[in-house]
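Hi,

Here is the structure I said I would pass on. Have a look at it first, and my notes on what turned up follow below.

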Amino acid sequence: MDVIAYVNQMIECAVRKEASDIHIEPIRDSVRIRHRIDGYLIEVDQLSRQEEPALLSRLKVMGNLDIGERRKPQDGAMSIEAHGQQLEIRFSTIPTLHGEKMVLRLLYQKEKYLGLSDLGMTEKQTKQMSRLMQQSGLIVVTGPTGSGKTTSLYALLHQLNTPDVNIVTLEDPIELQIPGVNQVQVGSKFGLSFAQGLRAILRQDPNIIMIGEIRDSETAENAIGAALTGHLVLTTLHTQDSASAITRLLDMGIAPYLVAAACKGVLTQRLVRTYCSYCQGSGCDSCHLTGYQGRIGVFEILEIEETIRQLILERASVDKVRSTYHQLGISTLVDRLFQLVDQKITSLEEVYRVLPYEPKKEISYSLDR
C-alpha cells in the first residue's frame with residue numbers, strides 16, 4: 001500500500017462526504033475505517049493489521065505526534081487543503097485492547113458564516129434571539145454533545161460582530177477563526193482555565209463575552225457577575241432543555257435572585273437528520289442507504305420574563321417550569337420536532353431519538369409516512 005496516497009485519498013473522501021470525524025480502529029483481525037456523517041458512524045473501509053503501523057506513523061508525522069509512543073494518549077493538529085476546502089485536522093490517539101486507535105476531527109474553515117436563519121430557526125425565533133442580544137445579561141445555549149451548540153454560538157457572534165464593540169471569547173478548543181473577534185484558547189495545556197480567563201478578560205474592556213462552556217461553579221459565578229455588570233455573556237451548558245439549564249445554575253450554588261436577574265434567555269437545540277432528497281427516505285447510494293442526508297437545527301427559546309423569573313426565585317421544579325411554557329405561548333422543542341414530522345422533513349424515529357424528555361401529552365403520530 002502506498003500509505004501517503006492512501007491517507008490523502010482517505011481525507012479527500014471524508015471531506016467530499018462532509019464527514020466531521022474519521023475513526024481508525026484496530027479490531028481483532030483488521031483495522032476499521034469509519035466516517036461520522038450527520039452524527040452517525042459509517043464504515044467505509046477495512047485494512048489488514050499489517051498495514052496499520054505505516055498508516056498510523058504517517059498520520060502521526062502529519063499531526064506532529066511522537067511516532068514511537070503507542071502506550072499513552074496523544075493530541076496534535078495540522079492545517080490542510082482537501083477537496084478544494086481549507087480545514088484543520090485535530091488528531092487524537094488512545095491505546096485500546098487491540099492496539100492504538102486514532103480519531104481525526106475535521107474542522108472546516110468556512111468562508112461564509114452562518115446567520116441565525118441559516119441554523120433552522122423560524123422567523124419568530126430569529127427575531128426573538130436578535131432582541132435578546134440587544135441587552136446585557138446572560139444567554140445560555142444548551143443541549144447534549146453534538147447538538148450544534150458551538151455552531152450557534154458562532155452564528156450569534158457573527159451577528160454581534162461590529163466595529164464598535166469589543167468581543168472576547170474563551171474557547172477549548174477554538175474551532176473557527178472569526179475576523180475581528182479576540183479569541184482566547186483555554187485548557188490545561190495552556191495553563192489557563194475558563195474561570196481564570198474570565199477574570200483576566202474582564203480587565204480587557206469587553207462589551208461581549210463568549211465562554212465556550214460553564215463547567216464549574218467558579219466559572220458560573222464569574223459569568224453571572226459579568227452579566228450583572230453590563231456585559232452580554234454567551235455560554236453553553238450540557239442540559240436536556242431550557243428548564244433544566246435554569247436548575248443546573250441553581251445546583252451550582254448560584255443564588256436564585258442572581259440567576260433571575262442575570263439570565264435573559266436560554267436557547268435549547270437539537271440536530272435532526274432530514275430525509276434524503278434523492279430517495280425520500282427509502283435509502284440510496286447518495287445517502288449511504290440510510291434514507292437521510294443532511295441535518296437541520298431545531299430550537300426552543302425560553303425568554304426569562306416575569307413569570308419565569310418568579311419560578312426561579314421559588315426554586316420551582318423542572319416540571320413546573322415546563323408546564324408554564326404553553327401558558328406563555330412558548331413553542332417548545334417537542335412542538336417543533338413534531339412539526340417537522342408533519343412537514344415530512346424528518347421521521348418519527350429520528351424525533352424520538354433526540355427528544356429531550358417524554359412528552360406528557362399523548363402522541364397520536366403514526367410511524368407510517
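Let's start with strand β12, residues 263-275: 11 of its 13 residues are buried, so the strand is largely enclosed by the rest of the structure. Bear in mind that this is a predicted model.

What does β12 pair with? One partner is strand β7 (residues 137-142), which runs parallel to β12 with 5 bridges between them.

Now for the whole chain. It holds 12 helices and 13 strands. For 369 residues, a compact globule would have a radius of gyration near 21 Å, and the chain comes out at 22 Å, so the two agree. The C-alpha trace spans about 65 × 55 × 40 Å along its principal axes. Buried residues make up 50% of the 369. If you take the contacts with a separation of 6 or more, 56% of them join residues 24 or more positions apart.

T126 is in helix α3 (residues 123-132). Is T126 buried or exposed? Its relative accessible area is 17%, which is under the 20% cut-off, so T126 counts as buried. Leaving aside residues up to four places away in sequence, T126 touches L116, S117 and M121.

Then there is some backbone geometry to check. The peptide bond from D172 to P173 is cis, with omega near 0°, and P173 lies in the loop between β8 (167-171) and β9 (182-185).

Where do positive phi values turn up in residues other than glycine? E18 has one, at about 60°, and D205 has one near 55°. E18 is in the loop between α1 (3-16) and β1 (21-26), while D205 is in the loop between α5 (194-201) and β10 (208-211). E18 is exposed, at 61% relative accessible area, and D205 also counts as exposed, at 64%.

Cheers

Note on methods: Residues numbered from 1 in each chain as written. Predicted model: local features only at pLDDT ≥ 70, side-chain atom pairs only at ≥ 80, totals over all residues. Heavy atoms only, no water. Buried < 20%, exposed > 50% of the residue type's maximum accessible area, 1.4 Å probe, protein only. Helix = DSSP H or I, 4+ residues; strand = E, 2+ residues; numbered from the N terminus. Pairing = 2+ DSSP bridges. Rg over C-alpha atoms; globule rule 2.2 N^0.38 Å. Contact = heavy atoms within 4.5 Å.
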